[in-house]
Amino acid sequence: MRPEVLNPLFAGADSLKGVGPKLEKPLEKLGLSRLRDFAFHLPERFIDRRVVANLDEAAVGENVIVELTPTQYRQSRSGRGPFNVLASDAIGNVVSLTYFGRASYSAKKSLPLNEKRWVAGKLDQYGDMLQIVHPDHVSAEGGVAMGATREPVYALSEGLTQNRLQALIEQALDEAPELPEWIEPGQLDRKQWPAWRDALVLAHQGQHKAARDRLAYDELFASALALMLVKADNKRRKGVPLRGDGGLREKLRLPFELTGAQKRSIGEIEGDLAQGHPMLRLLQGDVGSGKTAVALHAMLVAVESGAQAAMLAPTEILARQHYDTLVEMARGTGIEIAVLTGRDKGKARESILMGLLDGSIDVIVGTHAIFQDSVAYRNLALVVIDEQHRFGVNQRLLLQQKARGTAHCLAMTATPIPRTLTLAQYGEMEVSKLDELPPGRQPIDTRVIANERLGDVVAGLRRHVGEGKQAYWVCPMVREHETEDIAAAEERFDTLRQALGENAVTLVHGQLPADVKDANMARFASGEVAVLVATTVIEVGVNVPNASLMVIEQAERFGLAQLHQLRGRVGRGAEKSVCLLLRGDTLSETGRERLALMRETQDGFRLAEEDLRLRGGGEILGTRQSGEQGFELACPEQISELLETAHDDARLLMDRDGGLTGSRGEAARIALYLFERDYGVQLLRGG
Ligand code: ADP
Ligand code: MG
């Protein structure tokens, strides 16, 4: 049960004044559904405005507040251009207040001719003319009284204005209660951090590092604590020790020698499985490092012990691909493997359910259809979750809890992440690393090419396709302008179809209906279509060995980890693979460094560490959406700066008060609910 003190923060958005049906969609788009979401919707930046007596005192590009007198309205004859209000300041400088589209209707009302008005906005120059485009505020009351000269700027969605959202957030902050302190007093003093509620208010008022850090720390602390509670709960659970007699593993005839890293990981897993409590282990390994063979070994241990194993994949395509691979690999062992996804209906589904129930199926591969309530197992002892990173931390833990019971759990991810992030996202698990690729892999030839040479690249693609080979073409995707990006991908799709022929190219992006997306993807996977144009949604883990060319447009806008993931789509066959990174002509220092690193190394763990180091400034696609790391507030820099402390503090608390019953423990419970890590609390007896 959620602590009562948090009730005001968990009230719905509709309890705020001014929220009606019209705002429902825009707010939903930003994930603002309860007051806590508004309170945690921190400003992206701040505008500092200066009150000036006249425009001579202001510089172009500066945000100012100035008293102006509108003298004339101007609209182009066609009525299509902008609407301009010419206005003069105290000493006769003329400035054009410029409005586009619908905003012009209200301009006349707020800026009557020959009456003084205070105007706040950014001073620009357009030709010889000074201008302010869409003033932020216009008011008859003036100067500093117009409000703060420092103003927060929030991420918006269509249908929402800055002023509107500000007002809602202010209301939410007014409702925010004082909360008991979960941070050690010593820690607070050392860092000179404000109390929670003060931190929240300060973070909305200005670039207050201590306030922001405290909130980020809170989130990291809650997350670390929850993961520790999961781990502690797991240690308490009774598991079924799986040892196996080695009979099936002996019969396994793989067409290759296992790498040292694979052998080591298998050893670690066998050790866990033999214990009296459920395994909770993460297998980290780059694309192509051979995780499937490791998973198969683990599953064979379960089957040898007379139990069943299940392998969960994030998508239908991946599930079917795994099924094919496992059947092939396990041929000599005689075990029964089946696949089950949402697609399977009727008789086929029934017979699989039967096989799971009576134990005639040893290994099941599927999407989360395999954990529906209607699916019962005779003796499920091991759950393998592939591409674990596709599931957010919360979603994963819920899924895991459901899947697990007393079963052992092996999670696998192809995203090498830095050590600190491993701690943040998988703190409850033991980690095995496949830090060695199977021998004989050809390195991928990575080149950086200027955008202007697009024509050459397309010509190269035509030759490549002419040789019967396949290629990926990735267009970037910026969250804020999703539609524009899709337009860019569709445009590229068209140009490539013109260059290569109608049937040579297919397209995948986030706004296609799922079945169309799957169908297009399948046509590429089967080799029917030579080129796949995609936004970054390319299915992680999809294996198309015949694809040996990867083109990434505007590569400088991707993070290293992302580029590495994308590049990993190729280099999977015997053919030498090529990755072309197209870059724009303005390249920042870090952008340049990122591309150079991509050329220099293919080591995913190294790139992951460098990625974290080079992040910042939000210039990389999608970084602002910190949800990527499973955090709402903590950004990558704060994670690297604060996580270890948060982790240590959570550890200390657990050691002293693992049931969270003392006063700081109680406060920490509140933090768990506040950051929606309540599954942690629920694992406590009587929690
Ligand atoms: P991952 O899931 O880690 O991306 P896979 O398990 O799909 O990688 O393996 C990638 C490819 O490498 C597969 O074709 C697999 O058969 C092959 N492979 C796996 N282990 C080895 C090995 N030790 N030596 C040679 N090839 C291997
Ligand atoms: Mg895989």
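How many nonpolar, polar and charged residues does the shell around ligand 1 have? By class, there are four nonpolar, six polar and four charged residues in that shell, where Ala, Val, Leu, Ile, Met, Phe, Trp, Tyr, Cys and Pro count as nonpolar, Asp, Glu, Lys and Arg as charged, and the others, Gly among them, as polar.

This is a predicted model, in which local features need pLDDT of at least 70 and side-chain atom pairs count only at pLDDT 80 or more, while totals for chains, interfaces and linings use all residues. Residues are numbered from 1 along each chain as its sequence is written, and side-chain values use heavy atoms, with hydrogens and water left out.

Ligand 1 is surrounded by 14 residues, the closest being Glu257, Gly288, Lys291, Thr292 and Arg441; a residue is counted here if one of its heavy atoms lies within 4 Å of the ligand. The table lists polar contacts, that is, pairs of N or O atoms within 3.5 Å.

| Residue and atom | Ligand 1 atom | Distance |
|---|---|---|
| Threonine 292, polar side-chain atom | oxygen | 2.6 Å |
| Glycine 290, backbone N or O atom | oxygen | 3.1 Å |
| Threonine 259, polar backbone atom | nitrogen | 3.5 Å |

Taken alone, ligand 1 exposes 560 Å², of which the protein buries 74%, with areas from the Shrake-Rupley method and a 1.4 Å probe.

The largest nonpolar core has 94 residues, and those with the most contacts inside it are Phe38, Trp182, Trp196 and Leu225; such a core is a set of buried Ala, Val, Leu, Ile, Met, Phe, Trp, Tyr and Cys residues joined through side-chain atoms within 4.5 Å, buried meaning under 20% relative accessible area. A second, separate core of 37 residues includes Ala295, Leu296, Ala381 and Met412.

Notes
Chains lettered and ligands numbered in written order. Buried < 20%, exposed > 50% of the residue type's maximum accessible area, 1.4 Å probe, protein only. Polar contact = N/O pair within 3.5 Å; in protein donor to acceptor, adjacent residues only side chain to side chain.
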